[in-house]
Amino acid sequence: DDPYNPIPFMYGSHYSNAGIVVHFLIRQEPFTSLAVNFQGGHFDCPDRLFISMQSAWHACNTNSLDFKELIPELFYDPDVFVNSNQFPLGRLYDE
């Protein structure tokens, strides 16, 4: 129990939490309102929002601090990928 030599660990936080669920389901209520509330009344920076499975996969494979458990809705609910409510999610930095 030496604080200067901690036991090695895989993740600095739990891989599954409410924030990850809100991240993936931001296009669907009530998760949209939860995300806005969590960010102080506005949407987070567009570059940090869930854009696509491709970008999420790339982030998890190139950044050791980005790890997310896939939620069941990603496998059966196509609305997860569509902004049918026309929420103002912003534009990506490189667009």
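Contact here means heavy atoms within 4.5 Å. The model is predicted: local features need pLDDT of at least 70, side-chain atom pairs count only at pLDDT 80 or more, and totals for chains, interfaces and linings use all residues. Residues are numbered from 1 along each chain as its sequence is written, and side-chain values use heavy atoms, with hydrogens and water left out.

**Whole chain**

Start with a cartoon of the protein chain, which has 4 helices and 0 strands. Helices (H or I, at least four residues) and strands (E, at least two) are DSSP runs, numbered from the N terminus. Read from that end, the elements run α-α-α-α.

Next, show the surface. The accessible surface of the protein chain is about 7,300 Å², and 59% of this belongs to carbon and sulfur atoms; such areas come from the Shrake-Rupley method with a 1.4 Å probe, and for residues only the protein chains shown count as cover. Of the 95 residues, 26% count as buried. Buried means under 20% relative accessible area, exposed over 50%, and partly exposed in between (1.4 Å probe, protein chains only). Among contacts between residues at least 6 apart in sequence, 68% join residues at least 24 apart.

**Arginine 27 and the loop around it**

Select arginine 27, in the loop between helix 1 (18-24) and helix 2 (31-38). Is arginine 27 buried or exposed? Arginine 27 counts as buried because its relative accessibility is 8%. Now display what surrounds the residue: leaving aside neighbours within four places in sequence, arginine 27 is in contact with Thr32, Phe50, Ile51, Asp79, Val80, Phe81, Val82, Asn83, Asn85, Phe87 and Leu89.

The peptide bond joining glutamate 29 and proline 30 is cis, with omega about 10 degrees. Most residues other than glycine have a negative phi, and most peptide bonds are trans.

**Glutamine 86**

Go to glutamine 86, in the segment after helix 4 (73-76). Its phi is near 55 degrees, a positive value in a residue other than glycine. Glutamine 86 is exposed because its relative accessible area is 64%.

**Histidine 42**

Select histidine 42, in the loop between helix 2 and helix 3. With a relative accessible area of 46%, histidine 42 is partly exposed. Beyond neighbours within four places in sequence, histidine 42 is in contact with Ala35 and Val36. Its side chain reaches the backbone oxygen of glutamine 39 at 3.0 Å. Then draw a C-alpha to C-alpha distance from histidine 42 to leucine 89: the two are 47 residues apart in sequence and 9.5 Å apart in space.

**Aspartate 66**

Move on to aspartate 66, in the loop between helix 3 and helix 4. Aspartate 66 is buried, with a relative accessible area of 17%. Which side chain makes a polar contact with that of aspartate 66? The partner is lysine 68, at 2.5 Å. A polar contact is a pair of N or O atoms within 3.5 Å; within protein, one must be able to donate a hydrogen and the other to accept it, and residues adjacent in sequence count only if both atoms are side-chain atoms. Leaving aside neighbours within four places in sequence, aspartate 66 is in contact with Ala59 and Cys60.

**The largest pocket**

Finally, select Gly19, His23, Asp44, Arg48 and Lys68, which lie nearest the centre of the largest pocket among its 31 lining residues. A pocket is an open set of points on a 1 Å grid over the protein atoms alone, where a 1.4 Å probe fits, with protein on both sides within 12 Å along at least five of seven lines; lining residues have an atom within 4 Å of a point. The space in the largest pocket is about 730 Å³, a volume being the space filled by probe spheres set on the points, which are joined across faces, edges and corners.

Helix 1, helix 2 and helix 3 (53-62) each supply at least two lining residues. Helix 1 gives the largest share, 5 residues.
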